[in-house]
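Q: Could you walk me through this one? I'd like to start with the aromatic side chains and then go on to the overall fold.

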Amino acid sequence: MPREYILGVMRSGRLALLVAVLVLGAQATQAAPASRSVSEARARVDHHLHEVEAVAGRLGTVLTAPCPTFTSRAEWKQFQEAKVDDVVLLMAHVEQAWVEAKSVKDDDLRREAKAPRRRVQEGRRLVEKLQGCAAQNHAAFDPLAVWMRIEREVPRRQAEIALPE
């Protein structure tokens with residue numbers, strides 16, 4: 001695909017939808033969770049929702065603060081990597097909450113697990129902010145490469161954060 005097309009898709013907001021579809025597609029290929037009670041599933045969903053809020057809080061702080069200034073490329077890279085890792089973690093917990101909720105037939109729990117999906121937009125806003133901060137720090141930043149990394153790493157991170165059966 002030509003780079004101009006990809007960048008156009010990113011600007012139009014369709015990228016968030018594409019990322020969500022890819023993450024959900026990866027999710028569909030995973031094995032079904034074991035049978036559990038609604039109360040067990042609720043505890044598991046609540047754990048992931050709590051983590052979503054914690055990560056979203058960190059992202060919110062970065063989104064509202066001015067861009068930090070770094071004296072070296074290594075410092076910038078470390079900051080960028082940490083923030084992208086937070087986006088990966090946020091998306092992994094959002095998806096894992098949904099997986100846990102689907103393990104039982106409880107519509108209320110499913111609705112609760114779906115609600116934090118709006119937080120994925122904060123990840124998109126963070127990538128946009130990182131692009132601006134990179135420019136201010138005279139650093140290279142490729143948002144397409146960052147989104148490709150996020151897409152690759154979410155399923156792996158999701159497997160890491162899944163609670164034991």
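A: Phe70, Trp76 and Phe79 are joined by ring pairs into a cluster. The model is a predicted one, where local features need pLDDT of at least 70 and side-chain atom pairs count only at pLDDT 80 or more, while totals for chains, interfaces and linings use all residues. Residues are numbered from 1 along each chain as its sequence is written, and side-chain values use heavy atoms, with hydrogens and water left out.

Q: What counts as a pair, and how many aromatic pairs are there?
A: Rings of Phe, Tyr and Trp (its six-membered ring) pair if their centres lie within 6.5 Å, with planes under 30 degrees apart called stacked, over 60 edge-to-face and the rest tilted. That rule gives three aromatic pairs. One of them is the tilted pair of Phe70 and Phe79, at 5.2 Å centre to centre with 40° between the planes. Trp76 and Phe79 form a tilted pair as well, at 5.9 Å centre to centre and 40° between the planes.

Q: Where do Trp76 and Phe79 sit in the chain?
A: Both lie in helix α4 (residues 73-102), three residues apart, which is about one turn of the helix; helices here are DSSP runs (H or I, at least four residues), numbered from the N terminus.

Q: Why is Phe79 classed as buried?
A: Phe79 counts as buried because its relative accessibility is 16%, and buried means under 20% relative accessible area (1.4 Å probe, protein chains only). Trp76 is buried too.

Q: Switching topic, how many helices and strands are there?
A: The chain has seven helices and zero strands, and buried residues make up 44% of its 165 residues.

Conventions: Buried < 20%, exposed > 50% of the residue type's maximum accessible area, 1.4 Å probe, protein only. Helix = DSSP H or I, 4+ residues; strand = E, 2+ residues; numbered from the N terminus.
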